[in-house]
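Reader: I'd like to learn how to read strands, helices and contacts from a model. Could you walk me through one?

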Amino acid sequence: MTKINHLIQVEDLGKDYQSGDTTVNAIQNMDFSIDDEEFVTIMGQSGSGKSTLLSILGGLNHPSSGKIFVDSLDLYSLSTEQRADFRSEYIGFIFHSFQLISYLTVLENVKLPMAVTGQKKKKKNSMALDVIDRMGLTSKKDRLPDQLSGGEQERVAIARAIVNKPPIILADEPTGNLDTHTAKDIMGLLKSLNQDGHTIIMVTHNPEMEAFSGRTINVKDGNLA
Amino acid sequence: MKGVTMAYDPEKYRDKREKVLGIQSRGISFGILSSLIALVILFGISFITVPGAVSYIKTKHLDDAIYKLENDAAWPANVVEQVNIMEGVKTVIKDKHDTRLVITFDRRIVQPSMFTVVFKKYDLTATLLNQVNHRQRQTTLKQEKELEAS
């Protein structure tokens, strides 16, 4: 039986894709661990497998081989329903394209992850307003995403990711669509979330952003570099 | 960043882990909620129907016999007492002028003819004015009371 010593423990992870007649080995024999309250950057060139790795860590993409333990849970031995509960309880996702719902207001977008939590409407509203306030968007809570700047949209995406108070935040190129100044601003925000106790795993190919994290995992051609 | 990462503490996220594994409930499930509602409805219905049913079972064998003495004489207390201790007699009530005697009895055990025997023993000539089902008489009395009130 595997001894679990870390919040996230990845063992002999592999992921193959079938592309026509060819098998693509997106990830091969990866072993690493991430501790509670760490801020880890996963770096690598486009196509190196870093986003695939992030989606596997988030319980969204079944690996071809190996195991991932998050808080002692063998992630891919859980049922589909349990894995959905896992994502709801443990993970906050931040995507590089924000993935906000265009016809919902800021407040409604932030409340989305709470739709299945079974909390009372009043409580949901108060939790969403709290994180919106923390992101400095209170005056814009009733606006639609396209009425916001890129940086503001990113803040909404972060608010949505943390509204359920997940211990782990997975960010896929969170600053990819932002200018340098706004990007640093957002990184400062992620750093403050880390200081509050969130474990942050951020995928980026921008070396400037690496400086905000405590450790870097380099990925090259599906392997740890 | 805090600079120092936390060693893994399995207790820290125990609640979350138990929710994922289904050890801890995520609130009241639909099944439990619908069962609770069904229980409340059943309890409500039984609260309304059970006392009536119990009362019916308890009183369905009871009849009321109403007697009057000659010349509207008052019923002697010792006679009333004598009837009251007869087997099968539930209650014996005199009306407000003491002239009518209402005997509630279990018709499976005792019959009005047996009351007549007692009355004769005390040289009383009583007339049986009516013998009616106890529940039916109670209903009639209730209706009369409501009519008087209105």
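Reader: Let's take the sheet with mixed pairing in chain A: in what order do its strands come?

Author: Happy to start there, and do keep in mind that this is a predicted model. Strands of a sheet are joined through backbone hydrogen bonds, in a parallel or an antiparallel sense. Here 6 strands of chain A form an open sheet with mixed pairing, and the order across it is β6-β7-β8-β3-β9-β10.

Reader: Which strands of chain A stand at the edges?

Author: Those are β6 (91-94) and β10 (223-224) of chain A. Each has a single partner strand, so one side of each has no neighbour in the sheet. For β10(A), we can look at the pairing itself: β9 (residues 215-220) of chain A runs antiparallel to β10(A), with 2 bridges. Across that pairing, A:Asn223 in β10(A) stands opposite A:Lys220.

Reader: What does strand β1 of chain A pair with?

Author: Strand β1 (residues 8-19) of chain A pairs with β4 (residues 65-70) of chain A, antiparallel, over 5 bridges. There, A:Ile8 has A:Val70 in β4(A) as its bridge partner. β1(A) also pairs with strand β2 (residues 22-34) of chain A, again in the antiparallel sense, and this pairing has 9 bridges. One of the bridge partners to look up is A:Val24 in β2(A), which faces A:Tyr17.

Reader: Now the helices. Which strands does helix α1 of chain A lie across?

Author: To read this kind of packing, follow the helix axis over the sheet and compare directions. Helix α1 (residues 50-57) of chain A lies across β3 (39-43), β7 (168-172), β8 (199-204) and β9 of chain A, and its angle to β8(A) is about 155 degrees. Helix α6 (residues 180-195) of chain A lies across β3, β7 and β8 of chain A, at about 150 degrees to β8(A).

Reader: At what angle do α5 and α6 of chain A pack, and how far apart are their axes?

Author: Helix α5 (residues 150-162) of chain A packs against α6(A) at about 15 degrees, and the axes are 10 Å apart. That angle makes the two helices, α5(A) and α6(A), roughly parallel. The crossing of α5(A) past α6(A) is right-handed.

Reader: Which residues of α5(A) and α6(A) meet?

Author: On the α5(A) side you will find A:Gly150, A:Gly151, A:Glu154, A:Ile158 and A:Ile162, and they meet A:Thr182, A:Asp185, A:Ile186, A:Leu189 and A:Leu193 of α6(A). Sorted by class, this contact holds 5 nonpolar, 3 polar and 2 charged residues.

Reader: Let's step back to whole chains. How many helices and strands do chains A and B have, and what share of each is buried?

Author: Chain A comes to 7 helices and 10 strands, and 44% of its 225 residues are buried. Chain B has 5 helices and 4 strands, in the order α-α-β-α-β-β-α-β-α from the N terminus, and 12% of its 150 residues are buried.

Reader: And how many residues does each chain bring to the contact?

Author: Chain A brings 24 residues and chain B brings 16. The chain B side consists of 7 nonpolar, 3 polar and 6 charged residues.

Technical notes:
Residues are numbered from 1 along each chain as its sequence is written. Chains are lettered from A and ligands numbered from 1 in the order in which they are written. This is a predicted model: local features need pLDDT of at least 70, side-chain atom pairs count only at pLDDT 80 or more; totals for chains, interfaces and linings use all residues. Two residues are in contact if their C-beta atoms, placed from the backbone, lie within 7 Å. Ala, Val, Leu, Ile, Met, Phe, Trp, Tyr, Cys and Pro count as nonpolar, Asp, Glu, Lys and Arg as charged, and the others, Gly among them, as polar. Two strands pair if DSSP finds at least two bridges between them. Axes are lines fitted to C-alpha atoms, for helices over the stretch in contact, and angles run from 0 to 180 degrees between N-to-C directions. Angles under 35 degrees count as roughly parallel, over 145 as roughly antiparallel, 65 to 115 as roughly perpendicular and the rest as oblique. A crossing is left-handed if the near helix is turned anticlockwise from the far one by less than a right angle, and right-handed if clockwise. A residue is buried if 20 or more other C-beta atoms lie within 10 Å of its own, exposed if 12 or fewer, and partly exposed in between; C-beta atoms are placed from the backbone.
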